Amino acid sequence: MPIYEFACADCEHRFDVFGGFASRDAVQVCPSCEGTRTRALFSTFAITGAASIGEPVVQSGGGGCGGCAGGCSCAN
Ligand SMILES: [Zn+2]
């Protein structure tokens, strides 16, 4: 069972939610302030080394054009 880490936009509290994809997509209520402005972070077990939260990895050089998010689709 995957674990999704959520972060609250109001109080920046972080909490884990056990469940599948439905839990990740569902609106989770912050257990700290009961706010609903929460967002799912990357599941911790799937990401090793890269600890960036919500920040796209900027690739320098290597064929990417820098203008395409998540994989260059330009024909260069
Ligand atoms: Zn909160």
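**Confidence first**

Me: Where in the protein chain is confidence lowest and where is it highest, going by helix and strands?
Reply: This is a predicted model. In the protein chain, helix α1 (residues 21–25) has the lowest confidence, with a mean of 81, and strand β2 (residues 14–18) has the highest, at 92.

Me: What about residues 46–50?
Reply: The pLDDT is below 50 over residues 46–50. Beyond near neighbours in sequence, that stretch has one contact in the model.

Me: And what does the protein chain average?
Reply: The average pLDDT is 76, and 61% of the residues score at least 70.

Me: OK, layout. What pattern does the protein chain follow along the sequence?
Reply: The pattern is β-β-α-β. That is one helix and three strands.

Me: In what order do the strands sit in the sheet?
Reply: The order is β2-β1-β3, in an open sheet with antiparallel pairing. β2 and β3 are the edge strands, each pairing on one side only. From one strand to the next, the twist averages 35 degrees.

Me: How many bridges are there between β1 and β2?
Reply: Five, with the two strands antiparallel. Glutamate 5 stands opposite aspartate 16 in β2. β1 and β2 form a hairpin with five residues between them. In the turn, glutamate 12 has a positive phi of about 60 degrees.

Me: And how many join β1 to β3?
Reply: Three bridges, again in an antiparallel pair. Cysteine 8 stands opposite threonine 38 in β3.

Me: Which way do the side chains point along β2?
Reply: They alternate. Phe15 and Val17 point to one face and are buried.

Me: Switching to the metal. Which residues are the protein donors of the zinc ion?
Reply: Cys8, Cys11, Cys30 and Cys33, each through SG, lying 2.3 Å from the zinc ion. Along the chain, the donors of the zinc ion are spaced C-x2-C-x18-C-x2-C.

Me: Which parts does the pair of cysteine 8 and cysteine 33 tie together?
Reply: Cysteine 8 is in strand β1 (residues 3–8) and cysteine 33 is in the loop between α1 and β3 (38–40), so the pair ties together parts that are 25 residues apart in sequence.

Me: Why is the arrangement around the zinc ion tetrahedral?
Reply: Because the four donor atoms subtend angles of 106 to 117 degrees. For four tetrahedral donors the ideal is 109.5 degrees.

Me: Is cysteine 8 buried or exposed?
Reply: Cysteine 8 counts as buried, because its relative accessibility is 3% and the cut-off for buried is under 20%.

Me: And what about cysteine 33?
Reply: Cysteine 33 is partly exposed, with a relative accessible area of 36%.

Me: Back to threonine 38. Buried or exposed?
Reply: Threonine 38 has 17% relative accessibility, so it counts as buried.

Me: Which residues is threonine 38 in contact with, leaving aside neighbours within four places in sequence?
Reply: Phe6, Ala7, Cys8, Phe15, Gln28 and Cys30.

Me: Last one, on the protein chain overall. How many of its residues count as buried?
Reply: Of the 76 residues, 20% count as buried. Among contacts between residues at least 6 apart in sequence, 28% join residues at least 24 apart.

Technical notes. Residues numbered from 1 in each chain as written. Predicted model: local features only at pLDDT ≥ 70, side-chain atom pairs only at ≥ 80, totals over all residues. Heavy atoms only, no water. pLDDT = per-residue confidence, 0-100. Helix = DSSP H or I, 4+ residues; strand = E, 2+ residues; numbered from the N terminus. Contact = heavy atoms within 4.5 Å. Donors = N, O, S within 2.8 Å, 3.2 Å for Na, K, Ca; no water. Tetrahedral: all angles 85-135°; square planar, octahedral: opposite > 155°, others 65-115°. Buried < 20%, exposed > 50% of the residue type's maximum accessible area, 1.4 Å probe, protein only. Pairing = 2+ DSSP bridges. Axes fitted to C-alpha atoms, helices over the stretch in contact; angles between N-to-C directions.
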